[in-house]
Amino acid sequence: MSEFIPILATAAGVSLLLFLVIRTKLHAFVALLLVSLLVGVAAGMPLHEVIASMQQGMGETLGFVAVVVGLGAMFGQMLEVSGGAERLAKTLIKKFGEDKIPWALGFTGFLVGIPVFFDVGFVVLVPIVYRLARKTGRSLLYYGIPLFAGLAITHSFIPPTPGPIVVANLIGADLGWVILFGTIAGLPAMIIAGPLFGKYIAKKIHVAVPRYINVEEIEDDQELPSFGLIANIILVPLLLILLNTVSKVVLQEGNIIRTFLAFLGHPFVSLLISTILVFYFLGVKRGYSKQEVQMIASKALEPAGMIILVTGAGGVFKQVLMDSGVGKILANSMEHSSLPPIVLAFLIASAVRIAQGSATVAMVTSGSLLSPFIINLGLEGPILGLIAISIAAGATIASHVNDSGFWLINRYFGLDVKDTLRSWTIMETLSSLTAFVVVFLISLFIT
């Protein structure tokens, strides 16, 4: 009975969270805080300890997430404003050739989705899809699905976007492993859900450019930044973080090179370096004044602010579960499950995603619930990176009418609900399942 009450409190708390987000439309930040408070009280924590636990959870989470998400948002905003995303698309389309434009768009989305939020990358690049569809007479889906797949996959799988950053922080995964496994799982997911599925579904659903969309003529792109510059700037933080992870494997602790790479490869340092580079090369050097660069950076923090608060509230929920003892009870229960941690992570994230729609909320909730289980098992190293990607895969499955991304595609492509389900929803599900299969197979060889 002593274990039943905390478990019941947690189950009721998660159910209440879903109800508040889905039915009452209460903001996820407020809903997570309220549920954390109620679960702590219901689990029998002294009232003053509930508040202290909430404060600790918020502080520890934001101490890492706020810095990384803030810098990443500035980085992505500068890339958008400078025309860097458009340059990547145009160069890759030219390199791949007319016959393989969907592949070019898939890889464009894959690169742009690393530093840029999904909806921003979509709005910036969708005019290219319109122009191609109008020029060739093909369905918008032939070009759009590959682009969506690339953007959605890296937005969910590869830091410094918020989702993988939050999950890594909640379960203690090294970002280098998250980047590595996110890339390994993300590429085949993008190929299957993007160019391959896009070619198939475009034959089933012909979508013309909606009449209410104004397609502008292609402008002279001589003033766009170079492809090499954009690609290198995007890769800088990823390579520094990966070098840090590799150094931990091949070099002994205390080695001066390992210490130096650990410093450069810490997300704070690597993202700070890349953000300064993007301010200079895509901002000041391209004619933006210092005040304009500052305004661009400030604008980037507007959408990032809410994401940061939601992730902080996720940290609060995790800490309350830990301090109330619920986390340990949950962990003991999960340990008796016949399912491997990778599968359990995917199923929990999938259930939360399908129920309430938001990938970010699904990642935060799943990471919070799984954190005590992972700590109890003493998991560390590469397996945590795989679990992080498994959570991300589950959190992107089956986007439908309760997801804002669903309606973004529905509106910009002029689709009805049925065709949006047949195209966008299946694309998201294919990418989710493909990524999960890849990380599950990898997990068989990693203990």
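On a 1 Å grid over the protein atoms alone, a cavity is a set of points where a 1.4 Å probe fits but cannot get out, while a pocket is an open set with protein on both sides within 12 Å along at least five of seven lines; lining residues have an atom within 4 Å of a point. The model is predicted, so local features need pLDDT of at least 70 and side-chain atom pairs count only at pLDDT 80 or more, whereas totals for chains, interfaces and linings use all residues. Residues are numbered from 1 along each chain as its sequence is written, and side-chain values use heavy atoms, with hydrogens and water left out.

The structure holds two cavities of 30 Å³ or more, where a volume is the space filled by probe spheres set on grid points joined across faces, edges and corners. Helices here are DSSP runs (H or I, at least four residues), numbered from the N terminus.

Turning to open space, the largest pocket has a volume of about 1100 Å³. Of the 37 residues that line this pocket, Ser358, Ala359, Thr360, Asp403 and Ser404 lie nearest its centre. Helix α13 (residues 290–324) supplies the largest share of the pocket lining, with five residues.

Two surface patches deserve a look. Patches are made of residues with over 30% relative accessible area and no salt bridge, with like charges joined within 9 Å and nonpolar side chains (Val, Leu, Ile, Met, Phe, Trp, Tyr) within 5 Å. Accessible areas come from the Shrake-Rupley method with a 1.4 Å probe, and for residues only the protein chains shown count as cover. Leu34, Leu37, Leu38, Val41, Leu47 and Ile51 make up a nonpolar patch with about 500 Å² of accessible area together. Both α2 (28–42) and α3 (47–81) supply at least two residues of this patch, the largest share, four residues, being from α2. Arg138, Lys199, Lys203 and Lys204 form a positive patch, with charges placed at NZ of Lys and CZ of Arg; Lys204 belongs to helix α9 (residues 175–204).

Salt bridges (a side-chain nitrogen of Lys or Arg within 4 Å of a carboxyl oxygen of Asp or Glu) number five. One of them joins Lys90 to Glu86, with the closest N and O atoms 3.0 Å apart. Because Lys90 and Glu86 are four residues apart in helix α4 (residues 84–96), about one helical turn separates them.

How values were computed:
Lys, Arg positive; Asp, Glu negative; His and termini not counted.
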